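Work through the exercises below with the structure open. Each task is followed by a solution in steps.

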Amino acid sequence: MSDSPTAPPRSFLWSRRIFLTLLTGFVLVPVYVMVSGSLKPLADVTGEFRWLPSHLTVRPYLDIWSTVPLARYFMNSLIVAGAATVCSVVVAVFAAYAVSRYGFRGRRVFTVTVLSTQMFPGILFLLPLFLLYVNIGNATGIALFGSRGGLILTYLTFSLPFSVWMLIGYFDSVPRDLDEAALVDGCGPLGALLRIVVPAAVPGIVAVAVYAFMTAWGEVLFASVMTNDTTRTLAVGLQGYSTLNDVYWNQIMAASLVVSVPVVAGFLLLQRYLVAGLTAGAVK
């Protein structure tokens with residue numbers, strides 16, 4: 001049976017298979033090294049590298065909780081990332097709905113300005129935010145520097161502009177007839193948003209929530225400056241496994257795998273909504 005005239009050539013199919021195989025190996029080999037290293041004693045990790053561990057132990061997964069206060073760091077990251085995600089989604093929904101549904105002077109300027117903030121590297125805001133938080137604390141007594149609240153506000157400055165811009169595009173793809181039908185049925189603008197538009201925009205909202213959570217969960221620069229021993233997050237707390245006397249490589253690998261579990265699990269559970277949210281708002 002001859003190949004279909006519209007089928008791609010065999011050379012293309014084999015090239016694609018080889019490329020995907022190499023790409024898969026490039027991704028999975030570091031993961032295997034981390035998993036195998038987390039199951040080795042420290043002497044085996046620091047010694048000659050072996051693909052197959054000669055000794056297996058789960059001790060590193062038990063020691064990671066006592067070497068550093070990992071549970072406290074984990075709780076701080078959950079609180080900061082969760083609060084930043086909720087605040088980013090709530091504010092972005094209302095702001096994007098206003099821009100998408102209502103015409104006002106400066107609408108285009110507002111949209112461009114919101115998006116343009118993503119062009120600046122985060123390190124440019126580090127010193128201004130630091131001075132701002134310290135001065136606010138000295139003037140009002142509100143402790144933003146070294147607190148979870150200050151870190152949440154910091155992460156909002158990064159996740160909120162992109163979240164608003166992304167939801168504007170997604171809300172534009174939701175037919176306005178749905179809003180008009182809700183208004184005819186007696187709903188006000190807020191009721192139309194919460195009862196009609198938000199359920200129709202669930203994929204876009206989920207994509208924004210995942211982006212905001214991942215941005216806050218793995219951020220290192222601001223978390224290393226804006227936190228102290230009690231508010232330190234996981235991204236910074238992992239440095240505690242490196243001491244002046246030794247580096248606990250097996251515990252670092254074990255802790256890194258434990259830290260990645262919430263993000264990987266959330267991504268797998270919400271993958272369907274995430275892909276739909278990232279693609280639907282981009283095509284009008």
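**Exercise 1: Salt bridges**

Task: How many salt bridges does a search of the whole structure find? Describe the pair Asp-63 and Arg-59, then the pair Arg-232 and Asp-229.

Solution. 
- Step 1. Count. The search finds two salt bridges.
- Step 2. Take Asp-63 and Arg-59. Their side chains meet at 3.1 Å, N to O. The cut-off is 4 Å. Both residues lie in helix H3 (residues 59-67). They are four residues apart, about one turn of the helix.
- Step 3. Take Arg-232 and Asp-229. This salt bridge has an N to O distance of 3.0 Å.
- Step 4. Classify the second pair. Arg-232 has 23% relative accessibility, so Arg-232 counts as partly exposed. Asp-229 has a relative accessible area of 48%, so Asp-229 is also partly exposed.

**Exercise 2: The second largest pocket**

Task: What is the volume of the second largest pocket, and which helix gives the largest share of its lining?

Solution. 
- Step 1. Read the volume. It is about 210 Å³.
- Step 2. Inspect the lining. Among the lining residues are Thr-117, Gln-118, Phe-120, Thr-157, Phe-158, Pro-161 and Tyr-211.
- Step 3. Assign the share. Helix H7 (residues 148-173) contributes three residues, the largest share.

**Exercise 3: A loop glycine**

Task: Where is Gly-218 found, and how many residues separate Gly-218 and Ser-147 in sequence?

Solution. 
- Step 1. Gly-218 is in the loop between helix H10 (202-217) and helix H11 (221-226).
- Step 2. Its relative accessible area is 47%, so Gly-218 is partly exposed.
- Step 3. Gly-218 and Ser-147 are 71 residues apart in sequence. Their C-alpha atoms are 17 Å apart in space.

**Exercise 4: Confidence**

Task: In which helix is confidence lowest, and in which is it highest?

Solution. 
- Step 1. Start with the chain. The mean pLDDT is 84, and 93% of the residues score at least 70.
- Step 2. Helix H14 (residues 271-280) is lowest, at a mean of 62. Helix H4 (residues 70-101) is highest, at 91.
- Step 3. Apply the caution. Where pLDDT is low, the predicted coordinates should not be read in detail.

Notes:
Residues are numbered from 1 along each chain as its sequence is written. This is a predicted model: local features need pLDDT of at least 70, side-chain atom pairs count only at pLDDT 80 or more; totals for chains, interfaces and linings use all residues. Side-chain values use heavy atoms; hydrogens and water are left out. pLDDT is the predictor's confidence in each residue, from 0 to 100. Helices (H or I, at least four residues) and strands (E, at least two) are DSSP runs, numbered from the N terminus. On a 1 Å grid over the protein atoms alone, a cavity is a set of points where a 1.4 Å probe fits but cannot get out, and a pocket is an open set with protein on both sides within 12 Å along at least five of seven lines; lining residues have an atom within 4 Å of a point. Grid points are joined across faces, edges and corners, and a volume is the space filled by probe spheres set on the points. Buried means under 20% relative accessible area, exposed over 50%, partly exposed in between (1.4 Å probe, protein chains only).
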